[in-house]
Structure formats: structure tokens, C-alpha cells
Amino acid sequence: WVEMATLDPWGCTWVLPALLSPPDAEKTPGYWNKGARRRLELALALQPAAQRAKNIILFMGDGMGLSTMSAARIYKGQLVGGSGEESVLAMETFPHMALAKTYTIDRQVPDSAGTGTAYLCGVKANAKTLGVSGAAIYGKCRSTFGNEVDSVLHRARLAGKSVGIVTTTRVQHASPGAAYAHSASRGWYADANMPREALRDGCKDIAFQLVHNTDINVILGGGRMYMTPTRTPDPEYPEDPDQNGTRKDGRDLIAEWLSAKKVVCVGEEGMCLQAQGVCHRHWLCSRWQGARYVWDKKGLDAVEDDSVSHLMG
């Protein structure tokens, strides 16, 4: 049998009936015809969203194309004793779905840099290039200049929105990097990873661009070693030299980021009193903002939402 599906109270996903059916139900035409009819009825009854979204969160599974989703769907179904194909992933219950091609223009099989540029900047590019158009050539620093393209994150920030990046990989990786960096090579994580010619021609590494290109409110992920001078011990793994800083220019980008985010006291009548970077609890002050850097859960838990405008960790 096929039961009627309904929208959840928030109108975000379909609440689908159980996938289990009586023995041999799939062998009858009525099973499929009734299911098709109900799905068509749901599609016809769907109303366009009447409210404007307040926030947008883009979840991206690196390399998660249609074949990967199919494998996940089958595996999910098999875990509960089915053949697998009849299963449904949570994302497949959304009332609105779409497909996008995120290929690169010079290779059959793309990489995270070219695809990241495609879905974040809306422009197809060459493989291994980041935040630049197809006119930029991989590994050629000078081809970057004049061929930069802006991401949706950068445009949102220019429009006055708060923006952030949260990733399970390094924040300088190609996938999140396309949100803020313009680089002829996805591998130029720090200046130590760049050829002398690129440094001489004026190109900046991706970690440098993370701090200086776009005013990002939230930056959470890995990649601390690319932010600090060479041989700087990692706070979490101080005994492991492989985790030490790698920058040859001697710059501490974390410190630069913190110093650039001045403490601003915001109140009903504008700026409030502040001394030594700390806002006085004046009656006019409705909130006080500042930047915080954390590297462990304890530090993250200590962050108060109403006191921090920028967070890196």
C-alpha cells in the first residue's frame, strides 16, 4: 500500500510514509500507479514559499554527486533489510530540489577548486584554480590579476549580511577557499607552498587572503599551521613538530586578524564608551562586539553570542 505523504509543520520536508509494504506488493501495477498518483498530487498542491528567508546555510558534501547519493541510498535501505533502491535520503524529501553541473572547462574529471568556484562564484573555471575565471591559467600567478570572480559569500557581506565558513577540513582547502580566495593554484596554502616566481609577481597565499580579502564573521576549521610563522608550536599538539607553523614570512595571521577587528560598542545612540578595548556597561550600550580566537571546545563554549561579532577557530 502507499500512504499519503504530508509536509512537516515548517513546510521544509515531506513526511513520507513507511517504506515497508505487504509481501509481493511491488509486483502489482496498482502499487506503482497509486504511488505515482499520490506523488503527483503532492507536487500539484505545493505552494511557493511566501516568506523571505532570513538565513541561508549551504551544506556541501565534497565529491557527493549523483552516484555517491545512489550508493548512500542503497546502503541505507539495506541496513534495514531492504534491497536498498526503495529507500529515501532525507535530502530527497525536500519539496524543492535542483541539479547543477559543477565541471571544469579544461578537464573531464573536475577537482574541488574548479567545482567550488562553480557553485560559489557561478563561473566555470580551469581545474585547480580558485576564485578566478577560465582566463586564469593553473600555476601562473600573473594570470590571476584581472580575472578574479566574487563568491556569493563575498557579495552577501558587501550587502551587509553576516557570513561564515565552517568546515571539517582546513579552511584554506579548495572547497571553502573558493568563498574568499583568488588563486592560480589551490595548493598555495601559505607562502611556504608558493614558488618564488609567484611571490615575486605579487600573488598572495590562500591563508593570507582568508584574513585580508573578505570580512568573514565566522571561520571554523583546520589549517592553523598555515597561519603562523615557521616552527611556531601548535597549541593543541605542542610536542608534534609536524603541526608547527609553516609561514616563512614571519607573519602571525591570527594575531593580524584579531588586531584588525576593533572592539565596537553599539548602542541606541551609536558608539558607546570603551577603554582598552573593553566596552563600559553604560546604560546606552545595548551590546558590545569583538573578535575571538578559540582552538578547543572549552574556548568555544566560553564564547557568548551577544558579545562576539567575529569568531575564528
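Figure 1. T167 itself belongs to strand β3, residues 164–170, where strands (E, at least two residues) and helices (H or I, at least four) are DSSP runs numbered from the N terminus. Leaving aside neighbours within four places in sequence, T167 is in contact with P176, L220 and G221, contact meaning heavy atoms within 4.5 Å. The model shown here and in the other views is predicted, so that local features need pLDDT of at least 70 and side-chain atom pairs count only at pLDDT 80 or more, whereas totals for chains, interfaces and linings use all residues. Residues are numbered from 1 along each chain as its sequence is written, and side-chain values use heavy atoms, with hydrogens and water left out.

Figure 2. In an unreviewed entry, UniProt lists S112 under "active site"; UniProt positions follow the numbering used here, feature names are shortened, and annotations may be inferred rather than shown by experiment. S112 is placed in helix α3, residues 112–121, and with a relative accessible area of 12% it is buried, a word used for values under 20%, with exposed meaning over 50% and partly exposed the range in between (1.4 Å probe, protein chains only). Beyond its neighbours within four places in sequence, S112 is in contact with D62, H173, A174, S175 and R186, and its side chain makes a polar contact of 3.0 Å with the side chain of D62.

Figure 3. The side chains of S175 and D62 are joined by a polar contact of 3.0 Å. Not counting residues up to four places away in sequence, D62 touches S112, H173 and S175, while S175 touches M60, D62, S112, Y119 and L120.

**Figure 4. Helix α3, its ends and its packing.** Nine of the 10 residues of α3 are buried, so the helix is largely enclosed by the rest of the structure. The buried residues, among them S112, T115, L120 and C121, pack against α4 (152–158) and α5 (174–177). At the N-terminal end, D111 caps the helix through a side-chain oxygen that lies 3.2 Å from the backbone nitrogen of A113, and after α3 comes G122, whose phi is positive, near 75 degrees.

**Figure 5. Nonpolar cores.** The largest nonpolar core has 28 residues, and those with the most contacts inside it are L130, Y180, L210, I216, I219 and M227; such a core is a set of buried Ala, Val, Leu, Ile, Met, Phe, Trp, Tyr and Cys residues joined through side-chain atoms within 4.5 Å. The elements giving two or more residues to this core are α3, α7 (206–212) and α8 (253–260), with α7 giving the most, five residues. Apart from this core lies another, of six residues, including A184, W188, M194 and A198.

Figure 6. A search of the whole structure finds two aromatic pairs, defined for rings of Phe, Tyr and Trp (its six-membered ring) whose centres lie within 6.5 Å, with planes under 30 degrees apart counted as stacked, over 60 as edge-to-face and the rest as tilted. One of them, between Y31 and W32, is edge-to-face, at 4.7 Å centre to centre and 85 degrees between the planes; Y31 is buried at 16% relative accessible area, whereas W32 is partly exposed at 49%. R170 lies over the face of Y189, 4.9 Å from the ring centre, and the charged end of K204 sits over the ring of F208, 5.1 Å from its centre, the criterion being NZ of Lys or CZ of Arg within 6 Å of the ring centre and within 35 degrees of the ring normal.

Technical notes: Polar contact = N/O pair within 3.5 Å; in protein donor to acceptor, adjacent residues only side chain to side chain.
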